[in-house]
Amino acid sequence: MKKIFLVLLICVIYIFPNVSFATEKSSNNEEIKNEQEQTLENQKQSLGIGDFLSEAKKYTEDIDVTELFNSAISGNLDNTKILKYIINILGDNLKDALQVMSGVIVVIIIHSILKTISENLGNESVAKIAYYIQYILIVTLIMGNFSNIIEDIKISISDLTSFANTLIPLLTTLMIATGNAVSSHMIEPILLLVITFIGNFITNVLIPIVLVSTALGIISKISDYAQVDKLSKFLKKGSTLVLTTILTLFMSLATLEGGITSGLDGMTLKAGKSLVSNAIPVVGGILGDAIDTVLGYSNIIKNAVGVVGIFVIICICIKPILNLTALTITYYLGAALCQPIADKKIVSLIEQMGGTFKIFLAIMFTITVMLIIGIAIVMRISNSGLMYQ
Amino acid sequence: MDIVKIIGVGFIAVIIIVILKQYRPEFAIYASIIAGVIIILMITDTLSGIINLLQDIANRTNVNTQFLKILMKITGIAILTEFAVSICKDSGETAVANKIDIGGKVIIISMSIPIIRALLETVLKILP
């Protein structure tokens with residue numbers, strides 16, 4: 001009798017609580033989840049993420065930023081859509097560039113046919129004028145969309161700087177929300193200043209210099225006598241050098257800034273937390289944990305904002321970058337294809353245009369990489385500040 | 001077999017000129033001019049075929065056909081000028097030949113003015 005009772009007792013103890021635990025736990029989980037979502041929503045609203053997202057929407061055309069932001073918070077970004085977008089743009093640009101190149105090749109072929117006729121006439125000036133006309137035709141073909149490309153580049157650079165001017169204050173606000181007060185005060189003015197300065201410098205100084213060098217290169221191929229090729233090459237080389245110097249300076253500034261201050265922030269944060277949890281009796285420990293939680297959520301949001309920011313930056317600059325990549329590839333390919341049939345000067349003109357597009361590509365890459373690295377550094381600084389706890 | 005016809009016309013003209021030179025040397029120049037005109041007329045068909053082909057190629061791409069036309073016209077003018085100049089030189093009139101040459105060059109340059117302007121405009125458009 002006693003044994004049966006014991007067995008029953010054990011059964012009761014083992015079976016019933018099990019069931020009740022399970023249900024209680026699951027409901028608990030959901031509650032935690034709800035609470036998490038609520039905290040995230042609250043944080044989002046109080047930190048003014050909505051404004052930022054609507055701002056970001058202006059720059060991305062057919063990609064939903066809000067959806068991207070939410071998926072960045074939950075940690076599952078969908079890459080296929082972005083990849084499709086990029087490949088579509090690249091294909092379109094390659095097609096356009098190839099069309100221009102095929103026009104150039106047709107002009108060269110027509111000229112070489114006419115040249116065989118006009119060269120036998122023993123009339124030098126005719127052959128020369130025919131060469132000029134062919135040259136001018138090729139130049140007008142190449143230059144047909146050149147000013148559009150320059151305009152595109154300028155617009156995307158100004159977009160990038162203005163977007164950085166909205167993104168970085170937000171990121172620094174979020175840094176304060178994650179408790180990196182010192183870093184944010186140090187880094188915001190410097191980053192903003194440097195990015196605005198570099199953007200203006202590139203649009204107002206570097207691009208005109210490259211344009212002048214391109215014009216010089218075009219003009220110096222018209223005749224055999226007036227050659228200013230070296231000057232144009234010098235200008236191009238100089239602008240590349242300036243570009244690399246700028247990037248190096250920016251990188252060293254940003255890394256130095258981040259490295260010095262993030263440790264300080266971590267210590268301040270830790271001190272504040274221990275102050276809260278020790279000074280306030282009874283509920284102090286819970287409050288300290290709450291601070292931790294809020295900071296963690298802010299950090300998640302901040303990182304998501306950073307991811308969205310990087311994404312928007314890529315969206316802004318991807319069009320000119322892909323366009324320029326396509327153009328560079330096509331022009332070098334065209335120069336290689338034209339070499340057997342075309343005049344030496346024309347081949348070098350096409351090659352030089354490829355070089356110009358390559359410099360523009362370098363400019364775009366510099367700005368993009370600079371901004372992405374700036375944002376990544378801001379993200380990393382506050383993450384490492386949080387790690388000190 | 002256009003080339004055979006051209007060669008035939010040329011040989012006949014040469015024979016006529018050689019015969020004429022013995023009796024009436026002043027008529028020999030007419031025979032040579034007529035032979036040249038006939039040969040030019042014979043090759044126009046072939047030339048128009050070539051030009052049609054070039055235009056067809058140009059239309060398929062987005063080349064500015066207006067400029068291509070000028071290019072072809074200039075080549076045509078050059079061919080005609082050269083033809084006239086060589087006839088003048090054959091008959092010993094180098095001065096007239098030079099004048100025709102200058103006229104051809106001036107016309108060619110005047111035709112290429114819009115192209116030069118287009119080039120300058122594109123270069124100016126690039127400059128900031």
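**A close look at one chain**

Modeller: Let me set the background with the partner chain. In chain A, 80% of the contacts with a separation of 6 or more join residues 24 or more positions apart; two residues are in contact if their C-beta atoms, placed from the backbone, lie within 7 Å. Please keep in mind that this is a predicted model, in which local features need pLDDT of at least 70 and side-chain atom pairs count only at pLDDT 80 or more, while totals for chains, interfaces and linings use all residues. Residues are numbered from 1 along each chain as its sequence is written, and chains are lettered from A and ligands numbered from 1 in the order in which they are written.

The part I have picked is chain B. The corresponding share of contacts between residues 24 or more positions apart in chain B is 52%. Chain B has four helices and zero strands, running α-α-α-α from the N terminus on. Chain A has ten helices and zero strands. Helices (H or I, at least four residues) and strands (E, at least two) are DSSP runs, numbered from the N terminus.

The overall outline of chain B is worth a glance. Its C-alpha atoms fill a box of roughly 75 × 40 × 10 Å along the principal axes. The radius of gyration of chain B is 20 Å, whereas a compact globule of 128 residues would have one near 14 Å. That radius is taken over C-alpha atoms, and the globule rule is 2.2 Å times the number of residues to the power 0.38. Buried residues make up 17% of the 128 residues in chain B and 38% of the 389 residues in chain A. A residue is buried if 20 or more other C-beta atoms lie within 10 Å of its own, exposed if 12 or fewer, and partly exposed in between, with C-beta atoms placed from the backbone.

Chain B is divided into domain 1 (1-62) and domain 2 (64-128), with bounds from an automatic or database domain assignment. Taken over C-alpha atoms, the centres of these two domains are 22 Å apart. Their contact takes ten residues from domain 1 and seven residues from domain 2. On the domain 1 side there are six nonpolar, four polar and no charged residues. Here Ala, Val, Leu, Ile, Met, Phe, Trp, Tyr, Cys and Pro count as nonpolar, Asp, Glu, Lys and Arg as charged, and the others, Gly among them, as polar.

Now for the helices themselves. Helix H1 (residues 2-23) of chain B has 22 residues and reaches 32 Å from its first C-alpha to its last, close to the expected 32 Å at 1.5 Å a residue. The expected span is 1.5 Å times one less than the number of residues in the helix. Zero of the 22 residues of H1(B) are buried, so it lies largely in the open.

H3(B) has 26 residues and reaches 37 Å from first C-alpha to last, close to the 38 Å expected. Buried residues of H3(B) include Phe67(B), Leu68(B), Leu71(B), Ile74(B) and Ala78(B). An α-helix has 3.6 residues a turn, so residues three or four places apart point the same way. H3(B) is followed by Gly92(B), with a positive phi near 85 degrees.

Next comes the meeting with chain A. This contact takes 30 residues from chain B and 35 residues from chain A. On the chain B side, the elements giving two or more residues are helix H2 (28-60), helix H3 (65-90) and helix H4 (94-126). H4(B) gives the most, with twelve residues. By class, the chain B side divides into 21 nonpolar, six polar and three charged residues.

Setting aside neighbours within four places in sequence, Ile126(B) is in contact with Met143(A), Phe146(A), Leu211(A), Thr214(A) and Ala215(A).

Finally, back to Leu71(B). In the largest nonpolar core, of 102 residues, Leu71(B) is one of the residues that touch the most other members, and Val104(A), Val107(A) and Ile138(A) are also among them. The largest share of this core, 19 residues, comes from helix H9 (residues 284-338) of chain A. A nonpolar core is a set of buried Ala, Val, Leu, Ile, Met, Phe, Trp, Tyr and Cys residues joined through C-beta atoms within 7 Å. Leaving aside neighbours within four places in sequence, Ile138(A) is in contact with Val104(A), Val107(A) and Ile346(A).
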